[in-house]
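Here is a short briefing on helix packing. Have the sequence and the coordinates open as you read.

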Amino acid sequence: MKNIIQPVKGTREFYPPEMAVRNWLYENIQKVSESFGYSEYDGPFLEPIGLFAAKSGEELVKEQSFVFPDRGGNLITLRPELTPSLARMVAQKQHQLIYPLRWWSFGPFWRYEKPQKGRTREFFQWNIDLIGSKSPEADAELIAICAEFFKRIGLSPKNVKVLMNDRRLMDHKLSEIGIDASIKKKALRIIDRQDKMAHATWKAYALDNGLTEEQFKGIAKILGNKNLFQESTELKNIFSALENLGVQEYVQFDPKIVRGLDYYTGVVFEARDIGKSTRAILGGGRYDDLVKDVGGEPLTGVGFAMGDVVLPIILEQYGLVPDMEVNPSQILVTIFDEELIPVSLSIATVLRRADFSIQTYPKAEKIGKQLKFADRCGIKFALIIGPEEKEQGIAQVKDIRTREQSSVPIAELVNYFKGLLAE
């Protein structure tokens, strides 16, 4: 093993079982997104660093992005997120698009994180956004999409919750305790880090970043008020819409949720495992200025992003990872001997053109070895044609699981398998 070149730290390798899970997640993401009327899109994997420097926050740009000069000396980055790219894409064709705009994407992203369980430097991410509506119902729709996705993959409200807050409410409450505009961004970052630190460490961090003792006590009091949402008309309207959408059991108010990215301006939310790990699964919120900040006209939006690293860990801990058929092959066409290779290949082609997934064994070997290969690969049926079968115009079809065998005329194989595999 020491002579094998190792992969780049923090990257991932998808062997067929892992790829099957990724594809299963993608299929469910696609079905849920489309059920709400969202269209799939994607953006560039490489972006100028300036796209993120303005609004995503210093931590993302200076500490988490892979930044390098191109041959012309321009600083570019492997995309760490998609929302700024989306904003630019909308700004570029702002007057040609139909609003409200509903788009979703699933693709690769990169962040210079410290690799650990549930965190890698390379990941796939679901992004979904509704652009062009300021209504509470638009916010509720994105949160409902989260809940419907969890429901679809088997995660119940006992497993996960979408925790929701509103930055406008927090901005008002911070002003009430004497935190002015010059340090509000710092105050939000302090709130965002509360769950990541012990209380004493968090307090020291807050005081080191410019808060007074009284302001810190004020923030602690705000964060302890679970009924604070009653002061927000927007949040009350969202909860009402979520009840009508039938997902209210998945959602609760949490004043600690403010999200770390600078471009959020309204409702913010995170989905968390509320069981063993308490890990964040996805996060999002409303952004009112991002399209304007990348050169377009003012246009509001709301959306969320979900990476693919944490979710499989949570599904596994709840026993919800489905059994996957890693090998797509339904039938193995065996090779009886060298002379019968043309016959086997021809039959495999006929079946393949009838939309069956077919493997042919690559060379003539003992039939027992070929059947053992089919069994280990999870292939359901094997087709055997020896000299006698060729002469009679038949094939032996062996059920790998039951060991039962049937003689089927070669001319009827397509219809035979259509009936057999439809069961």
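What covers the buried residues of α10? The cover includes α5 (136-152), β7 (160-166), α6, β8 (251-253) and β9 (267-273). Keep in mind that this is a predicted model.

**Helix α10: length and end**
- Helix α10 runs over residues 233-244, twelve residues in all.
- At 1.5 Å a residue, α10 should span 16 Å, and its end C-alpha atoms lie 17 Å apart, so the two values agree.
- G246 follows α10 and has a positive phi, near 75°.

- L235, I238, F239, A241 and L242 are the buried residues of α10.
- These residues sit on the same side of α10, because they cover an arc of only 160° around the axis.
- An α-helix has 3.6 residues a turn, so residues three or four places apart point the same way.
- T233, E243 and N244 are exposed, on the face of α10 turned away from its buried side.

**The α6 and α9 pair**
- Helix α6 covers residues 167-176, and helix α9 covers residues 213-223.
- Their axes come within 10 Å and cross at roughly 140°.
- The crossing of α6 and α9 is right-handed.
- On the α6 side, M170, K173 and L174 make the contact.
- On the α9 side, I219, I222 and L223 meet them.
- By class, the contact of α6 with α9 has five nonpolar residues, one charged residue and no polar ones.

**Link between the two topics**
- Helix α6 meets α9 through M170, K173 and L174, and α6 is also among the elements that cover the buried residues of α10.

Note on methods:
Residues numbered from 1 in each chain as written. Predicted model: local features only at pLDDT ≥ 70, side-chain atom pairs only at ≥ 80, totals over all residues. Heavy atoms only, no water. Axes fitted to C-alpha atoms, helices over the stretch in contact; angles between N-to-C directions. Helix = DSSP H or I, 4+ residues; strand = E, 2+ residues; numbered from the N terminus. Left-handed = near helix turned anticlockwise from the far one by under 90°. Contact = heavy atoms within 4.5 Å. Nonpolar A, V, L, I, M, F, W, Y, C, P; charged D, E, K, R; others polar. Expected span 1.5 Å × (residues − 1). Buried < 20%, exposed > 50% of the residue type's maximum accessible area, 1.4 Å probe, protein only. Arc of directions from axis to C-beta.
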